[in-house]
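Here's a quick briefing to read with the model open beside you. Have a look first, then go through the points by topic.

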Amino acid sequence: MATAVARLALIGPPGAETAEVAYRLAGRLGVPSISMVDAVQSAVRTGSALGDELRRFMNAEQAPPIDLVVAIVRRRLGEPDAVDGFVFWTESPVLAVLRALETSGFHVVELVLADAEAARRLTGRRLCRGCGRVWHVESAPTQVDGVCDRCGSGLVHREDDRPPAVARQLGVHHLHSAPVLARYRFAGSLISVDAARPAEEITTELAGRLARS
Ligand SMILES: [Zn+2]
C-alpha cells in the first residue's frame, strides 16, 4: 500500500483471531505485526538492559513497572523493520503503552466480537494429543467424535478452553480494553470492525478503511 506510515494498534478479545488479522493486515501494508508478548520476549531474548531489568521482575514473580513495559514496547517498535509502520496487537491493551505510541497516523482498531460468539469459538476447541492439531466441535469437527482425523489420536478439551477459564479470559480482556477503547472512541479516533467473519474479510475491510482515513 502506498500510504506513508501505518502505525496501528489492533485490540481484540480472545477468540477474535486478532493475531491472524494482524498478520494478514501487516502483510498487505508491508509492515511487521508485533504483539505485546513479542516485544517482551524479544527484549529478554536479545539480552538488552531493559530485558535484564524485566527478567529480574519475572524471576521475583512480580509484575514489572508500567514504565518498563512502555520502554520495552517503544524499543521494539523503534527497530529498523518498523520504521515504515507496524501492526501492534494485543488482547490486553495497556493504556500507558498506547499513549506512548500516539503519533500522527496512529490508529486504534477494535475487533468487535460478542462474548457469546467468542465463547462459542473458544469452548468448542479440541486439541489432538498426538499431532497437536486444533479441531472445533462445530466449525472443524472430526469424522469420529473425539478422534483426530489426521493421526488417529484422542482429542482433549483443554482446561483453558473450558467455560470457566474462557469466562475469565474474556473478563480480563474487558477489564483491560474498556478504558482504552473508551478513550479512543471519545476522541473519535477508534476504528471498530465486526470480527464475526473470516479473518480475510476483516482484513480487506480494514485495509480499505485505512486507505480512506
Ligand atoms: Zn492428531
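Predicted model: local features only at pLDDT ≥ 70, side-chain atom pairs only at ≥ 80, totals over all residues.

Residues are numbered from 1 along each chain as its sequence is written, and side-chain values use heavy atoms, with hydrogens and water left out.

**Zinc site**

- The zinc ion gets its protein donors from Cys128 (SG), Cys131 (SG), Cys148 (SG) and Cys151 (SG), at 2.2 to 2.3 Å; donors here are N, O and S atoms within 2.8 Å of the metal (3.2 Å for Na, K and Ca), and water is not among the atoms, so sites may look incomplete.
- Along the chain, those donors of the zinc ion are spaced C-x2-C-x16-C-x2-C.
- Cys128 in strand β5 (residues 125-128) and Cys148 in the loop between β6 (134-136) and β7 form a pair linking distant parts of the chain, 20 residues apart. Helices (H or I, at least four residues) and strands (E, at least two) are DSSP runs, numbered from the N terminus.
- Cys128 is buried at 2% relative accessible area, and Cys148 is buried at 3%. Buried means under 20% relative accessible area, exposed over 50%, and partly exposed in between (1.4 Å probe, protein chains only).

**Helix α7**

- The 24 residues of α7 should span 34 Å at 1.5 Å a residue, and the end C-alpha atoms are 33 Å apart, which agrees; the expected span is 1.5 Å times one less than the number of residues.
- There's still a kink of about 40 degrees at Ser177 in α7, shortly before Pro179. The bend at a residue is the angle between axes fitted to the seven residues ending there and the seven starting there.
- Buried residues of α7 include Ala165, Leu170, His173, Ser177 and Tyr184.
- Among the elements covering the buried residues of α7 are β1 (6-11), β4 (106-112) and β8 (190-194).
- Just after α7, Gly188 has a positive phi of about 75 degrees.

**Loop residues**

- An unreviewed UniProt entry places a "binding site" feature at Arg158; UniProt positions follow the numbering used here, feature names are shortened, and annotations may be inferred rather than shown by experiment.
- Arg158 is in the loop between β7 (155-156) and α7 (163-186), and counts as partly exposed because its relative accessibility is 29%.
- Leaving aside neighbours within four places in sequence, Arg158 is in contact (heavy atoms within 4.5 Å) with Arg125 and Leu127.
- Pro65 is in the loop between α3 (49-59) and α4 (66-77), and is partly exposed at 34%.
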